[in-house]
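Here is a short briefing on a ligand site and the pockets of one protein. Have the structure open as you read.

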Amino acid sequence: MNTIDIINKTKRKEPLTREEIEYLVNGYTSGEIPDYQMSAWLMAVCLNGLTDEETLALTLAMRDSGDILDLSGINGITVDKHSTGGVGDKTTLIIGPAAAACGVYVPKMSGRGLGHTGGTIDKLESINGYRTELDFDEFLNIVNQTGFSVISQSGSLCPADKKIYALRNATGTVDSIPLICASIMSKKLAVNADCILLDVKWGTGAFMKTREEAEKLAAIMEKTAKAAGKKCRAVVTDMNEPLGCAIGNTVEIREAVDILQGRSKGRLYRICIELTADMLELAGKGTHEECAEMAKKAISSGRALEIFRKTIELHGGDSRICDDTDLLPKARYSHVICASRDVEIISINAEELGMASLMLGAGRVCKSDDIDRSAGIILEFEAGDKISMDAPLMTLYSNVCSDFHEAAMRAYKAIKFRNLTERTLT
Ligand code: URA
């Protein structure tokens with residue numbers, strides 16, 4: 001087999017065989033195929049796409065480049081959930097405990113945030129003492145005890161994806177549906193849960209900017225997972241606006257606890273109930289309506305919060321935050337932005353708020369950057385709310401930047417208002 005022939009075939013839209021795809025993935029992972037040849041092939045894929053069969057072969061070759069977890073030590077049906085990333089997305093912290101409270105097991109490996117999107121591991125590490133790097137047996141033990149655990153992704157999972165994703169980032173080849181599918185699904189299939197719920201986001205704060213693109217990605221990811229023998233459902237959700245009112249790390253833990261305490265029933269709560277119901281339905285726990293009722297009860301009874309508390313404890317974290325979120329680390333500086341007149345909120349640009357939060361120190365520009373875990377933004381409204389003059393719109397938090405001017409301007413400009421104050425002309 002010859003790499004140049006393979007590049008030429010994709011360039012001419014001729015489908016590759018499974019063996020050719022395995023040759024490419026294995027050769028690149030082992031270092032035999034150089035970056036420049038792999039880059040040329042990735043660009044050909046970006047321009048010409050891959051068939052569904054090629055996408056499956058690429059996914060499986062990447063999955064098989066490293067360890068595949070053996071979850072048979074878990075005492076029941078396992079459900080994994082993946083979100084394609086967004087601004088303020090703390091759903092894992094709510095739906096993991098809620099689904100576990102309804103009798104399924106949620107073993108999750110998550111990543112850190114990059115750019116304007118956050119990562120679940122960064123959020124959990126803002127709880128004092130919480131360890132995200134556990135050995136596999138300890139991870140399984142926690143999942144068996146509480147039904148839910150999140151650890152950071154093991155380095156031995158999908159080395160091919162690690163190498164290919166880094167190359168895609170450096171060569172403008174990230175935005176390709178088959179490549180995104182293979183990258184995400186190889187990792188999900190390596191984690192190896194029985195059922196997989198995929199939450200594909202679209203909108204300003206997401207990878208996929210249009211609903212149509214998100215639906216295409218959702219369809220191929222679901223098809224790939226099913227062809228690999230998993231129960232899978234992919235749902236498409238709107239990420240034009242941030243998920244919830246908090247954007248950052250500590251502030252998002254606070255909001256997740258508020259929901260688990262049953263104190264908040266807004267859009268984030270409703271989305272979490274739907275996603276939990278999807279997970280339970282996949283696991284065969286009932287119809288969607290029955291599962292949604294179970295999810296609501298898991299939260300209103302406090303069982304989901306108890307699972308979150310116990311999970312934090314077993315990870316070495318300060319679980320008292322489940323009763324008192326004031327025990328979470330606080331930022332040294334804060335800045336409140338108030339409405340300068342009576343306004344109605346028309347829309348909130350999630351990506352711009354994510355960028356403002358990044359400027360405050362809550363996110364990373366490069367993978368190796370440190371983050372300020374207590375930095376972030378708390379919004380006082382949802383789209384459609386009316387706010388009176390001088391009432392707070394949002395609060396910005398940071399430890400590193402006492403001058404909030406630039407971040408505040410960016411955050412303010414992310415909100416589209418309708419002025420409710422009539423001008424009186426004299
Ligand atoms: N997330 C991934 O893990 N891979 C992609 O290609 C895009 C998003």
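This is a predicted model: local features need pLDDT of at least 70, side-chain atom pairs count only at pLDDT 80 or more; totals for chains, interfaces and linings use all residues.

Two helices, H8 (159-171) and H9 (177-191), each give at least two residues to the shell around the ligand.

**The shell around the ligand**

- If you want to select the shell, pick Tyr165, Arg168, Ile180, Ser183, Ile184, Lys187 and Phe207.
- Helix H9 supplies the largest share of this shell, with four residues.
- By class, the shell holds four nonpolar residues, one polar residue and two charged ones.

- Lys187 places a polar side-chain atom 2.5 Å from an oxygen atom of the ligand.
- Ser183 has a side-chain N or O atom 2.6 Å from a nitrogen atom of the ligand.
- Arg168 has a side-chain N or O atom 2.9 Å from an oxygen atom of the ligand.

**The largest pocket**

- Strand S1 (79-83), helix H5 (91-101), strand S2 (106-110), H8 and H9 each contribute at least two residues to the lining.
- Helix H8 gives the most to this lining, namely six residues, whereas H9 gives the largest share of the shell around the ligand.

- About 170 Å³ of space lies in the second largest pocket.
- Its lining is made of 15 residues, with Cys245, Ala246, Glu255, Asp258 and Ser264 nearest the centre.
- Helices H11 (250-260) and H12 (267-282) are the elements that give two or more residues to this lining.
- Helix H11 provides the largest share, five residues.
- Seven nonpolar, five charged and three polar residues make up the lining by class.

Key: Residues are numbered from 1 along each chain as its sequence is written. Side-chain values use heavy atoms; hydrogens and water are left out. A residue is near a molecule or strand if one of its heavy atoms lies within 4 Å of it. A polar contact is a pair of N or O atoms within 3.5 Å; within protein, one must be able to donate a hydrogen and the other to accept it, and residues adjacent in sequence count only if both atoms are side-chain atoms. Ala, Val, Leu, Ile, Met, Phe, Trp, Tyr, Cys and Pro count as nonpolar, Asp, Glu, Lys and Arg as charged, and the others, Gly among them, as polar. On a 1 Å grid over the protein atoms alone, a cavity is a set of points where a 1.4 Å probe fits but cannot get out, and a pocket is an open set with protein on both sides within 12 Å along at least five of seven lines; lining residues have an atom within 4 Å of a point. Grid points are joined across faces, edges and corners, and a volume is the space filled by probe spheres set on the points.
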